[in-house]
Amino acid sequence: MSKLVTVAVIGRIRRRLAIAIVLTALIPVLVAIWLAESAIRQTSERFFMPEVGARLDQSLELYQELAHAVKSRMRAEAAEIAAQPGLRQLPDAPEREILENELSRHFQRHPSLVSLTVEVGDEVLGTVDRGKPVDPKRENRLRVELPLRAASLDDPALEDGPRLIAVFAAERARFDELETMGQFVNTYKQVASRRRDDERSYIYALALLLGITILAAVGVGSLFARGVTARIDELAEATQRVGAGDLSVRVSERGTDEITDFAKAFNRMLAEVESSRARIEYLQRIGAWQEMARRLAHEIKNPLTPIQLAVQEVHRRYQGGQAEYAKLLDTTLEIVQDEVGTLRRLVTEFSDFARLPQAKLEQADLVEFLAAQRQRLLLADEEARDGERESILDLDPGVAVVIDLPETTASVYLDRQMFRRALINLIRNAVEAVQETGKPDGEVRVGVERTGDYWEVHVDDNGPGLDKALAAAIFDPYVTGKRDGTGLGLAIVKKIVIEHGGSVFAAASPMGGARFTVRVPALGSAAARALWKASGRQRSSKERGQRPLLTA
């Protein structure tokens, strides 16, 4: 049911994002179409004013009137020449020379003439010209043919009598301008007539282009929205799994946006909650084990003294002369004393484990603390070699213990006494592991490094390494791989480290043996602030006489 609800919520988010993208793209598009329509209309009205069309028509009419006037003038000149008495009263067979002289006299008066010719039928009676033909590239040719003797256009002499043929030339540029002007006016009228259609076409084309842009924006936006909703879906599913109790779930941290920051915070929160729950559960188990250790120590310790005293009393009072029985008593006394000593040591360890105090944290420099411990170890080893006292590790100091420290400050919250006990336990454990191998060059190295928001203390050795069968439970009480171990040393270490807000784990060492890493939060980190806040609650509870809270 919850899965269906999540899918429905994600579906609504996608729809809302899609609608938001469409509206975001549609509103500017509509505004752009309106602005484009207004701009096109204003531009069209600016270039297609009725006054412009009227002026163009007037200009064309002027050009046409000019051309008509030129042609009319040439026809008038031809009619004037044809009306001259010297040409109208020509004899039927005039002399060519006389006729051409008459034509030349009139030809000189009209500079636009190209030639004057008098014909009867197909016979040329006389002709004069300017000496060069009409140039079609520069001139237009006008041919005017008029009768010389006809009284009117219906007179039969128009066909049978002599005819005057006048050829005129006019500058071609004027008529070309007229033709060009006419074409321009026609084009202008055509464009003006389809102006509305063009405007609509431009608007439709712009709307189509913007529509394609909207679709592309919606497609790209949908892809982005799908990526966002997919990550939200992943977060929603992760929260459901967390609600069901699965704290191991993690979400991907791809990207650089706010959702990525939220995913990182979510993963960090889960890691802290998972770590806190593991710590609480471990501390609860430790509490139960401590109670059991306290009872075992009490039950074992009480009969030890009477047993030892009874055996010693029997041994002291025997005055018989049986050597074998006396030897048996000696052996029995020796065995009882050895085993009682072992049991007393076991009881002491149980009692120490049962009486582990709460950590009293204070700000300290981890590097400075380890430097002080290194100095104490060196002095203790020198005194042990001189025979003045036992080694601080209660072991043969033949294994070299090296503490490498960086040139920096490592500010953390520490209980110096308890953390020293944890460090000594780890070093002792490493030294014992190296001694079991019998290596002449046994070595244990302690180092410090910063990893994220934590400082890590590494204890490495070149011993036999971890026992894979015990690796998963190596920090649980009473788990040990030693013949005479109680399995409480590493459990004490873990409890102390947890009360410092950190963690401890074991892995293979670069030196070939085992590496134990203690991780404690650096001062100023979120984990350190949470640790100090929890420590403050514990101090307040103690001051009020209440039961201390478990440190998570």
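Which residue forms a salt bridge with R515? The legends below take that pair up first, and every view comes from a predicted model.

**View 1. D460 and R515 in a salt bridge.** The partner of R515 is D460, and their closest N and O atoms sit 2.7 Å apart. This pair ties together distant parts of the chain, 55 residues apart: D460 belongs to strand β9 (residues 454-461) and R515 to strand β11 (residues 514-521). D460 counts as buried, at 6% relative accessibility, while R515 comes out partly exposed at 22%.

**View 2. E139 and R130 in a salt bridge.** Here the side chains meet with an N to O distance of 2.8 Å. E139 has a relative accessible area of 19%, so it goes down as buried, the cut-off being under 20%. R130, at 27%, is partly exposed.

**View 3. E499 and K495 in helix α12.** These two side chains make a salt bridge, 2.6 Å from N to O. They are 4 residues apart in helix α12 (residues 489-499), so about one helical turn separates them. Both E499 and K495 are buried. Elsewhere, salt bridges with shared partners join E119, R143, E145 and R163 into one network. The total for the model is 12 salt bridges.

**View 4. A166 and its surroundings.** Setting aside neighbours within four places in sequence, A166 touches A78, L113, S115, L116, L142, R143 and V144.

Terms used: Residues are numbered from 1 along each chain as its sequence is written. This is a predicted model: local features need pLDDT of at least 70, side-chain atom pairs count only at pLDDT 80 or more; totals for chains, interfaces and linings use all residues. Side-chain values use heavy atoms; hydrogens and water are left out. Contact means heavy atoms within 4.5 Å. A salt bridge is a side-chain nitrogen of Lys or Arg within 4 Å of a carboxyl oxygen of Asp or Glu. Buried means under 20% relative accessible area, exposed over 50%, partly exposed in between (1.4 Å probe, protein chains only). Helices (H or I, at least four residues) and strands (E, at least two) are DSSP runs, numbered from the N terminus.
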